[in-house]
Amino acid sequence: MSHPPGTSCVAIVPLFAGLSPEEQDEVATYARPLRRSTGETIHRPGDDVSHLLVVHRGRVKVSHLSAGGQERLLRVLEPGDFMGETAFVTGERPDDLVVALGDVELCSFDHRELGALVQHYPDIALRMLRTVTGRLDEAERTIADLTASDVEGRLAGYLIDLPTQRRDGRVVARLPLAKKDIASLLGTTPETLSRKLAAFAEAGLVEVQGREVVILDPVRLEERTRPAP
């Protein structure tokens, strides 16, 4: 059976997971493909955004720009994640910057057509609400971490939470972002991040090899996540 363009995009999105395959095929007819290259801006603060964008392949980063133009990374969207829901619900223009991390394929849903889909399939609205609520919870946890721990503790926690694999008996994690983006996510500067990583390496906690980090002593690294008494 052939599927209309965008079917695979719709099928991987939790937003549409409550629909039957036939209903997903119908939703897919509203999806319009969109491609962006590495480093290309998808939208800027204040842009007139009239569509919901779903990440099909690749990753995008969502950042906030301060009044002085400083970029603060908020989140990284993976395949199946979506953006533009705030503009859809409130009609307000976004205040964030969205940039492609590598070549990206997206599916675009016009807000007016999405509104009709939501009326026909209320489950879409419920799942959208769950996602937005999850992002708010994540933002609250991030704020709590920023106020409750120092840069060293936040970096240690970030490294501990990274997916790892065993290689030659060693626990290896790969940094999923450039160091400047990790620094932004942790609320610090790239220079401070590099110094803290070097200090962890000197203390025998990790070994840094480019984008790979070998976790040498996970117990002591975990201890660094807790404030000193």
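**A charged network and its setting**

Author: Lysine 180 is partly exposed, with a relative accessible area of 48%, where buried means under 20% relative accessible area, exposed over 50%, and partly exposed in between (1.4 Å probe, protein chains only). Salt bridges that share partners join Lys180 with Lys61, Glu71 and Asp181 in one network, a salt bridge being a side-chain nitrogen of Lys or Arg within 4 Å of a carboxyl oxygen of Asp or Glu. In the bridge between lysine 180 and aspartate 181, the closest N and O atoms are 3.4 Å apart.

Please read these values with care, since the model is predicted: local features need pLDDT of at least 70, side-chain atom pairs count only at pLDDT 80 or more, and totals for chains, interfaces and linings use all residues. Residues are numbered from 1 along each chain as its sequence is written, and side-chain values use heavy atoms, with hydrogens and water left out.

The whole structure holds twelve salt bridges. One of them links distant parts of the chain, with aspartate 181 in helix α7 (residues 179-185) and lysine 61 in strand β3, 120 residues apart; helices (H or I, at least four residues) and strands (E, at least two) are DSSP runs, numbered from the N terminus. The side chains of aspartate 181 and lysine 61 meet at 3.0 Å, N to O. Aspartate 181 counts as buried because its relative accessibility is 6%, and lysine 61 is also buried, at 7%. Side chains of opposite charge can pair when their charged atoms come close.

Turning to the domains, an automatic or database domain assignment gives domain 1 (9-146) and domain 2 (150-225), whose C-alpha centres lie 29 Å apart. Ten residues of domain 1 are in contact with nine residues of domain 2, contact meaning heavy atoms within 4.5 Å. Between them the domains bury about 750 Å², 50% of it on carbon and sulfur atoms, and this buried area is the accessible area (1.4 Å probe) that two parts lose on being put together, summed over both.

One salt bridge is counted between domain 1 and domain 2, and six residue pairs, both at pLDDT 80 or more, are in polar contact across the interface. A polar contact is a pair of N or O atoms within 3.5 Å; within protein, one must be able to donate a hydrogen and the other to accept it, and residues adjacent in sequence count only if both atoms are side-chain atoms. On the side of domain 1 that touches domain 2, β3 (51-65), β4 (71-77) and α5 (122-148) each supply at least two residues, and β4 gives the most, with five. By class, that side has five nonpolar, no polar and five charged residues, where Ala, Val, Leu, Ile, Met, Phe, Trp, Tyr, Cys and Pro count as nonpolar, Asp, Glu, Lys and Arg as charged, and the others, Gly among them, as polar.

Of the 229 residues, 37% are buried.
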